[in-house]
Amino acid sequence: MAIGMPLKFIQKAAKQQSITWLTAVCVFIMLCVLSLIIRTKRDTDASILWVDHTYQVMKTLDHIQLDLSLPTTHIPGELDEQLKKFQTLIGDNPRQIGRLLKLRLHIAQADQVAAQDLLGEMMNEETTLLHQRQQALNHTRKVSRTVLYSSLAAAFLAMIFLLYKIKKDGDRRRAAEQRLFTSESKYRNLIDNVSAVIYSTDMEGYIEYASPGALSLTGYSVDELKGKRYTMLVDPGFLSTIKKHYEQQFREGVRETTLQFRTITRSGEYKWVEQIAILLIKDGRPSGFQCFVRDITANKKLQEELEAYELKLKENQVLLQSILDNTASIIYVKNLEGKYKIVNRRFLEVLQLKEEQVINHTDYDFCDSSKADEYHSMDKIVIQTGRSIEIEEQLVTAAGPLHLLLIKFPLRDDDNNIVGISGIATDMTERVHSHQQLIAAKTESEDARKMQEQFLANMSHEIRTPMNGIQGMTNLLLETKLTPQQKEFAAIISRSVDNLLVIINDILDLSRIKAGKLTIEKIDFRLQDVVSNVQSLFRHRINKKGLRFDLDIDSAIPEWLQGDPHRLNQVLINLVGNAVKFTEKGVITLKVVPKEQQDPNQLTLVFSVTDTGVGIPEKSLPHLFESFSQAGLDISRRYGGTGLGLAICHQLLSLQGGDISVVSTEGKGTTFTFTLSFGCEEVANITRQITHSLQDFAGFLTGRHFLVVEDNPINQKLMDYVLRKTGAAVTLADNGEQAIHQLKANEFDLIVMDLQMPGMDGYETTKYIRSNLRLRTPIMAMTANAINGEQIRCLEAGMNDYMSKPFEFKDFYTHIAELLRNPSATPTPHDPSKDTANPYSLSLLEEVGDDEYLQDILHTFLANLPGQLAELQSACTEKDHDRVFFISHKLKGSCGMLQAVTLIEKLSMIQKLSKEKIDATEVVEEISGLFKELLHRLEKENLRFSGISNEHNK
């Protein structure tokens, strides 16, 4: 009975729904029929109205035609009324409106014939319209009848079908009721024996029916449960949840719900159950619940164990995935078909793929076929051999090439069967790059060593070319008649030039200093000369600042020592220079004392330079001898400097086996102390350098004929002057071609050959002289290059001796005299580390002493410069980079004497651009203005020297 009630309810509801649906269909059909009838009636009435309207138009036309036939000279009132009525009737016909306007015009013009013809046209059109509208009316009536009959037939058939359906549903209902009655006892037995418990309650939750299975589930019999509230069987902890659940089901009218909760049996045992509750409806209102209860205690326990296992598994998976995603290596797992099952984040980042593009896909899905074939072959080897393999691989990514060390190994199950392949790829890009950088650095280092000689050659040439002039002019100045003070000043300039030669050489050869390859000489010198030179160099600055300079040399020190006076001079100049710079008042003391002598031929001296200057902060002392280190930022801003001097001193002393230390108190002064060892053999055993004066060479060189091949006009004049002072004859050649022309026409005792010239350089010219002219005339090479191997290259070309610019006159005279005595003699090896250079200032022109000679130099410069500048501009316009280079080189050599630093820098830039075949027009235009300013200044200087010369002539 409990199961029969809901079944009947369901069947009744189904039958009611079927009848309702059929009734709705019939009503819809009737409404459609009614709508068609109304629509047909409306269309018919509309057609009738249009036919009647046409008749009225035609009738009005007849009246108008009749009125026009009456004799009249104007439009009668009746005719006018008819025309207005006609116009109203034909308002929807544009053509008739047009004809009506023409008709009024004809009537106004009394053109009866045209008016009658136009009325005929209008009548014809209305007749045509009447025929069309009558046909439309007949068609509408015919369609209306057809639609009406069809609709009535459809409605009749629908009613017949509805009646049939109702009858059939009644027969089916009666048959179903009979079957339900017959099988109700069968279902009762089924319910009583089913494992689930079935019970029903009223709306208050009191049990009305319970199946026999309730006893085994709850421990209560059916009779004990009837009339009791279901809450007695619920674990108190679930009561609140269950009440809310079924209240919501009742409130929302939910037909069926499922809920799991824990019950308590008669014996106090707790069991998990699953309950299906169906809301019962009676007379359209809820009357209670029909519930089906199943014991799920065993399933629940299994489910809890499974959930705990899954939770643990999930935690392990999350942990494993976290490890995989945060490792820097690429990790993946494939099955035996090559499909990816696991990939980490790094894998996706490198290949720039999404997980769905990789998981359950093979390499062929996102790699090119050749790469996929390679991976497949490696996988096959791992599967077949059962061993891991290790390979290096390069991947091309958006961020650049990636170098990987890939290890592939098989994955096995518990039975040791291979079930997949795993790969771990470690990024070793940085290691590869480091290796490549090491190789590149090694190559670059080797290239740098090869280029260093050329770089030093270029630098030496550019610096030494102007330096040759200042050294030569200073020596010439010393040979003129000077006052004692002028001679002292000139001597200081000469010594300063010597010091600059060493200092600039250190700057050019800084790499040699750092590599410990700087050459240290061991020659005889007087310590008093070195110290006096330092004292003289700073005397003017010391006097200007009002300082006192104390010199204390121990009398036990021998007069002559063996060592490197230039390096000692460089260290002392640096230390005394710093003392002068940082001392505003007080005393500067240079003290030299010997240490205890153990070797009779070796003497160690202790030099100390003490000042009363600003001092050095204690924190700066440990870093004082480092390159580019200074005592502080305020010291740098106030006194300037690069902080390189003390570092060079330290390195120079270290190379000679000495050391240096400093003691300083901020605000009180500083003491630098260094030790250095020298040889001190007996004077009788020392071979002294023989100093020759100009008179020693004059007799030997008088009457000799020299060919000077030099492209720089300033250096031409210098060489010409130096040689003519000895009584020699000089012929000048600007380049190799002119030199060959002179050699073909004249005989010379010696050739002075510059190496770098436009056209044929010194090497080519020498080879031509030796090979083509077959002359054995001695050739002295003159160059500003100061690199190892230059002398060998000169000798290989056929030259007899080699000197670098700038040079000492006595050295030059000595070399050419030796060549003239013995042309085949092997020249003394030249140490290019001593050659150096320094830019000139205009003030040197005033200190030469020979106004006529200096005026001649200025005149030559002023005469040649505009033409050279114009030639440079022309070469730049024609993009002749080689000519641009040589012209700028010549100009730079001339500007070096004049301390035109800016022009020298610009000309160097032009040379660099021309070497790289880059247009230098902008820089050439820029220096044009600078040259104009220089020319203007030199013209004033020339006038000044002219005035001095005139005064002397008077």
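Author: What follows is a set of questions and answers on this structure. It is a predicted model, in which local features need pLDDT of at least 70, side-chain atom pairs count only at pLDDT 80 or more, and totals for chains, interfaces and linings use all residues. Residues are numbered from 1 along each chain as its sequence is written, and side-chain values use heavy atoms, with hydrogens and water left out.

Reader: How many helices and strands are in the chain?

Author: The chain has 29 helices and 22 strands. Both are DSSP runs numbered from the N terminus: helices are H or I with at least four residues, strands are E with at least two.

Reader: What share of the residues count as buried?

Author: Of the 954 residues, 43% are buried. Buried means under 20% relative accessible area, exposed means over 50%, and partly exposed is in between (1.4 Å probe, protein chains only).

Reader: What about contacts between residues at least 6 apart in sequence?

Author: Of those contacts, 63% join residues at least 24 apart. A contact means heavy atoms within 4.5 Å.

Reader: New topic. How many salt bridges are there in the whole structure?

Author: A search finds 20. A salt bridge is a side-chain nitrogen of Lys or Arg within 4 Å of a carboxyl oxygen of Asp or Glu.

Reader: Which residue does R262 pair with?

Author: R262 forms a salt bridge with D235, at 2.8 Å from N to O. The pair links distant parts of the chain, 27 residues apart: R262 is in strand β3 (residues 256-264), and D235 is in the loop between α6 (222-225) and α7 (239-252).

Reader: Are those two buried or exposed?

Author: D235 is buried, with a relative accessible area of 6%. R262 is partly exposed, at 29%.

Reader: What is the partner of E274?

Author: E274 has a salt bridge with R294, and their closest N and O atoms are 2.8 Å apart. E274 is buried at 18% relative accessibility, while R294 is partly exposed at 38%.

Reader: And E559, which residue does it form a salt bridge with?

Author: With R526, where the closest N and O atoms are 2.8 Å apart. E559 belongs to the loop between β12 (548-553) and β13 (560-563) and R526 to strand β11 (residues 523-526), so this pair joins parts that are 33 residues apart in sequence. E559 is partly exposed at 48% relative accessibility, and R526 is partly exposed at 23%.

Reader: Which residues are linked in a network of salt bridges?

Author: R95, R99, E121 and E125 are linked in one.

Reader: On to the surface. Which residues gather in a patch of negative charge?

Author: E304, E305, E307 and E310 do. One of them, E310, is in helix α8 (residues 297-326) and is partly exposed at 43%. Patches are made of residues with over 30% relative accessible area and no salt bridge; like charges are joined within 9 Å, and nonpolar side chains (Val, Leu, Ile, Met, Phe, Trp, Tyr) within 5 Å. Lys and Arg count as positive, Asp and Glu as negative, and His and the chain ends are not counted. The place of a charge is NZ of Lys, CZ of Arg, CG of Asp or CD of Glu.

Reader: Which residues make the nonpolar surface patch?

Author: F156, L157, I160, L163 and I166 make a patch of about 500 Å². Among them, L157 is in helix α4 (residues 112-193) and is exposed, with a relative accessible area of 57%.

Reader: Last thing. What is the phi of R774?

Author: Near 55°, a positive value in a residue other than glycine. Most residues other than glycine have a negative phi. R774 is in the loop between α22 (762-771) and β21 (779-783) and is exposed at 65%. N416 also has a positive phi, about 65°, although it is not a glycine, and its place is in the loop between β9 (400-412) and β10 (418-427).

Terms used:
Areas by Shrake-Rupley, 256 points an atom, 1.4 Å probe, with all protein chains shown as cover.
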